[in-house]
2 protein chains.
Amino acid sequence: MKVGIVGLGLIGGSLGLDLRSQGITVLGVSRRPSTCQIAQHRGVVDEASMELASLKTADVIFICTPLTAIAPTVEQLIPFLSPHTILTDVGSVKQSIAAACSSLWPNFVGGHPMAGTAEQGIDAAQHQLFAGAPYVLTPLPTTPTEALQPVEHLARSLGSKIYTCSPEIHDRAVALISHLPLLVSAGLIETCLGESDLKVLQLAKQLASSGFRDTSRVGGGNPELGVAIARYNREQVLRSLYHYRQTLERLIEQIEEEQWEELEQILQSTQSARPDFLQDEAVE
Amino acid sequence: MKVGIVGLGLIGGSLGLDLRSQGITVLGVSRRPSTCQIAQHRGVVDEASMELASLKTADVIFICTPLTAIAPTVEQLIPFLSPHTILTDVGSVKQSIAAACSSLWPNFVGGHPMAGTAEQGIDAAQHQLFAGAPYVLTPLPTTPTEALQPVEHLARSLGSKIYTCSPEIHDRAVALISHLPLLVSAGLIETCLGESDLKVLQLAKQLASSGFRDTSRVGGGNPELGVAIARYNREQVLRSLYHYRQTLERLIEQIEEEQWEELEQILQSTQSARPDFLQDEAVE
């Protein structure tokens with residue numbers, strides 16, 4: 001089997017390392033000559049090229065570009081594909097991408113390996129990045145089984161935990177546990193920055209400790225990533241923000257009305273429920 | 001010098017260990033006989049008692065009880081105090097406590113050592129808990145210098161970083177960086193629990209990872225503590241929640257209106273500002 005990878009960053013590069021170690025031939029494409037050189041030097045790919053045409057013999061092609069480039073890449077690949085070539089992506093949002101890409105190429109299977117590190121780029125690529133981490137596949141009702149099965153097989157070979165669901169279910173779930181936390185967390189930092197009393201702001205900066213550090217971490221991350229998730233998962237992000245706004249209103253009302261028992265009930269339920277979300281935890 | 005400590009939990013116990021190692025005589029009071037035994041056995045105090053009367057020779061008394069018990073403890077101590085005895089507390093909220101306790105006992109100095117561990121109780125007491133951590137003192141304009149100075153001296157002897165400000169400035173600052181994060185974080189978990197689509201909720205639990213773990217940590221903590229901060233710092237907690245609600249509305253509007261440049265500006269400012277809050281970081 002030959003696998004093509006478009007985009008040799010952390011995800012594309014790590015994918016190449018694992019697949020090559022299984023004896024699969026990996027053809028890589030990057031826009032940057034330096035990335036192609038590093039990829040070949042590190043053994044991430046068998047061959048690297050700046051031309052999508054170099055992937056014409058690949059059986060399965062993983063599109064590992066930023067979200068904005070996924071559908072355009074499918075479009076540019078089409079002239080070089082045989083009718084049986086399978087395309088899949090690794091984007092963190094699935095509804096808009098699965099719809100766009102499947103209409104361009106029926107043998108498209110949306111995917112989302114939920115692995116990562118703080119580092120980015122080909123230099124951060126590593127073996128076993130996906131082992132033990134979730135890998136969500138989001139086929140449409142029209143997606144051929146012949147396209148789904150090889151992608152699932154490859155994802156499983158990485159040691160990932162496979163979940164299969166509709167793009168909409170995926171996007172709602174990640175809106176709740178990944179995109180909402182980012183915005184909630186950014187809102188916290190922004191609220192502190194908006195403090196008009198400079199004495200308070202200065203003391204707040206001096207006193208901030210582990211509680212602030214953890215709650216603000218994802219809101220202090222890459223701004224482009226934050227915009228991309230809001231943009232590409234806009235509908236589900238708004239849905240989760242509307243629900244969050246309702247929860248916030250409830251908390252405010254309970255404190256305004258001094259409904260301490262009701263507040264304690266909520267805090268008891270959040271305390272007892274949190275571990276349910278962390279049972280299957282893997283490195284993000 | 002003789003120091004009294006009422007409440008021999010993590011904070012009171014750790015205080016005893018550090019003060020005794022400086023050669024100060026430490027008299028401890030706990031409601032529970034077993035805590036008194038452990039405190040003496042571990043060398044946390046020179047003498048332990050269940051009676052507040054045992055503190056009548058103390059020069060400075062640290063009240064290390066839960067927030068609700070601080071003012072009542074001051075009241076119960078009064079019959080046993082000489083006019084020069086200095087009282088101080090370690091509560092995480094200062095405005096209501098400083099007002100109540102100073103009117104009961106003019107030689108009262110509000111204090112808040114911002115140190116802690118995940119563990120609670122006398123068994124968790126440790127040397128050097130306060131070293132490098134902030135210790136906020138909140139004297140009123142009426143607080144005598146003769147009361148403030150010995151407390152400041154003792155706090156400094158623990159290796160703490162001393163900050164002095166009004167109770168109101170303290171409460172606003174901790175509302176922003178400690179109490180608001182707790183409620184924002186609890187709101188996140190509660191919103192996820194409110195997901196009506198059970199498929200989405202199940203997948204969310206399976207996919208939740210480090211971003212959710214960190215953002216939800218303080219919201220999944222001790223419910224009594226959450227209620228106590230909302231209750232005792234109600235005014236400033238509400239103030240921070242109102243500001244947070246405004247920020248959330250702005251984020252929602254930007255996503256609704258697809259104002260991606262404006263959203264990116266916010267996320268850039270949160271990214272660049274976050275390190276300012278973590279420069280002086282100590283263990284909470």
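Trainee: What should I know before I start?
Mentor: This is a predicted model, so local features need pLDDT of at least 70, side-chain atom pairs count only at pLDDT 80 or more, and totals for chains, interfaces and linings use all residues. Residues are numbered from 1 along each chain as its sequence is written, chains are lettered from A in the order in which they are written, and side-chain values use heavy atoms, without hydrogens or water.

Trainee: Which residues of H7 in chain A are buried?
Mentor: H7(A) covers residues 198-207, and its buried residues are A:Val200, A:Leu201, A:Leu203, A:Ala204, A:Gln206 and A:Leu207. Buried means under 20% relative accessible area, exposed over 50%, partly exposed in between (1.4 Å probe, protein chains only). Helices (H or I, at least four residues) and strands (E, at least two) are DSSP runs, numbered from the N terminus.

Trainee: What do those buried residues pack against?
Mentor: Helix H6 (167-193) of chain A, plus elements of chain B. Those include strand S8 (134-137) and helix H11 (260-278) of chain B.

Trainee: New topic. Is A:Thr247 buried or exposed?
Mentor: A:Thr247 counts as buried, because its relative accessibility is 6%. A:Thr247 sits in helix H10 of chain A.

Trainee: What does its side chain make a polar contact with?
Mentor: The side chain of B:Thr191, at 3.0 Å. A polar contact is a pair of N or O atoms within 3.5 Å; within protein, one must be able to donate a hydrogen and the other to accept it, and residues adjacent in sequence count only if both atoms are side-chain atoms. Leaving aside neighbours within four places in sequence, A:Thr247 is in contact with B:Gly187, B:Glu190 and B:Thr191.

Trainee: Where is B:Phe80?
Mentor: In the loop between helix H3 (70-77) and strand S5 (86-89) of chain B. B:Phe80 counts as partly exposed, because its relative accessibility is 31%. Not counting residues up to four places away in sequence, B:Phe80 touches B:Leu52, B:Ala53 and B:Lys56.

Terms used:
Contact = heavy atoms within 4.5 Å.
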